[in-house]
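Welcome! Here is a short briefing to read alongside the sequence and the 3D view. Take a moment to find your way around before moving on to the points below.

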Amino acid sequence: MSYEFIEYPDRDLLAIGLADQLASDLRNALRHEDRVALAVPGGTSPGPVFDDLCAVDLDWDRVDVLLTDERWVPEDSPRSNTGLVKQRLLVDRAAKARYLPLYAPKADPDDALAELEVPIAPVLPLAVVLLGMGTDLHTASLFPGADQLEAALAPRAPILMAMRRDDVPEPRITLSARVLNGGMRKHLLIFGAEKRKVLEQARGKPAREAPINAVLSDATVHWAE
Ligand SMILES: O=C(O)C(O)[C@@H](O)[C@H](O)[C@H](O)COP(=O)(O)O
């Protein structure tokens with residue numbers, strides 16, 4: 001597994017440097033394509049990156065933004081990744097981007113997969129993918145031990161899958177590993193010594209134990225304490 005590892009002096013400098021890199025990847029992709037897709041994670045880490053990226057001058061009206069995964073909660077829930085993206089990324093210049101949702105107001109995510117996939121299929125492969133990671137080595141909602149992990153890691157997995165694990169508070173919906181890994185440029189954002197350590201220890205582990213390994217090849221890892 002080969003990936004590049006960039007260490008930043010602090011989290012603010014990481015946010016600036018990573019936003020700059022994402023902007024440059026998007027500009028490069030826009031030189032060759034009419035429209036390009038950017039997938040981003042939710043969770044607590046990416047907010048400051050979004051704050052910098054949203055102000056960048058590029059052809060946002062040709063960019064499709066989607067989440068790598070979503071918690072199955074309404075948009076006004078504090079746990080909604082959509083809420084985060086709408087408040088911190090799809091503002092300022094980036095307000096012109098088109099948002100492709102990973103949530104629909106249905107009780108069961110399995111009942112929404114087909115309709116949510118319709119606008120996503122034509123924008124693949126993803127031009128730029130930003131990923132987060134948990135200390136259990138999950139990325140997006142590809143959790144070790146989740147009910148559908150094996151299917152989501154399969155080479156012919158569907159675009160979207162619902163995912164559940166008993167200790168995860170709500171059902172999730174996630175892009176499958178092949179869609180995430182198929183991104184033309186991939187970046188992983190991690191903060192803190194613990195995540196750095198577990199990522200190093202994950203080397204060589206099978207993806208069912210370390211799902212992050214399914215999406216890391218040729219990625220760039222961005223780390224700060
Ligand atoms: O909805 C989510 O939670 C995610 O997209 C998830 O994969 C996240 O990126 C990691 O859990 C890291 O989360 P933190 O940045 O909060 O540590």
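The largest nonpolar core in this predicted model has 68 residues. Inside that core, Leu26, Leu38 and Ala39 have the most contacts. Helix α1, covering residues 11–32, gives the most to this core, with seven residues.

**Around Leu26**
- If you leave aside the neighbours within four places in sequence, which residues is Leu26 in contact with? They are Val36, Leu38, Leu58, Val63, Ala127 and Val128.
- Leu38, one of these partners, is also among the residues with the most contacts inside the core.

**The sheet**
- Seven strands form an open sheet, and you can trace them in the order β1-β10-β9-β6-β2-β3-β5. The pairing is parallel.
- Which are the edge strands? They are β1 (4–7) and β5 (98–100), and each pairs on one side only.
- From one strand to the next, the twist averages 20°.
- Across from Trp223 in β10 you will find Ile190.

**Helix on sheet**
- Helix α1 lies across β2 (36–40), β3 (63–67), β6 (128–131), β9 and β10.
- Relative to β9, helix α1 runs at about 170°.

**Around the ligand**
- How many residues surround the ligand? There are 15, and the closest are Gly42, Gly43, Thr44, Ser45 and Gly132.
- Sorted by class, this shell has 10 polar, three nonpolar and two charged residues.

Key: Residues are numbered from 1 along each chain as its sequence is written. This is a predicted model: local features need pLDDT of at least 70, side-chain atom pairs count only at pLDDT 80 or more; totals for chains, interfaces and linings use all residues. A residue is near a molecule or strand if its C-beta atom, placed from the backbone, lies within 6 Å of it. Ala, Val, Leu, Ile, Met, Phe, Trp, Tyr, Cys and Pro count as nonpolar, Asp, Glu, Lys and Arg as charged, and the others, Gly among them, as polar. A nonpolar core is a set of buried Ala, Val, Leu, Ile, Met, Phe, Trp, Tyr and Cys residues joined through C-beta atoms within 7 Å. A residue is buried if 20 or more other C-beta atoms lie within 10 Å of its own, exposed if 12 or fewer, and partly exposed in between; C-beta atoms are placed from the backbone. Helices (H or I, at least four residues) and strands (E, at least two) are DSSP runs, numbered from the N terminus. Two residues are in contact if their C-beta atoms, placed from the backbone, lie within 7 Å. Two strands pair if DSSP finds at least two bridges between them. Axes are lines fitted to C-alpha atoms, for helices over the stretch in contact, and angles run from 0 to 180 degrees between N-to-C directions.
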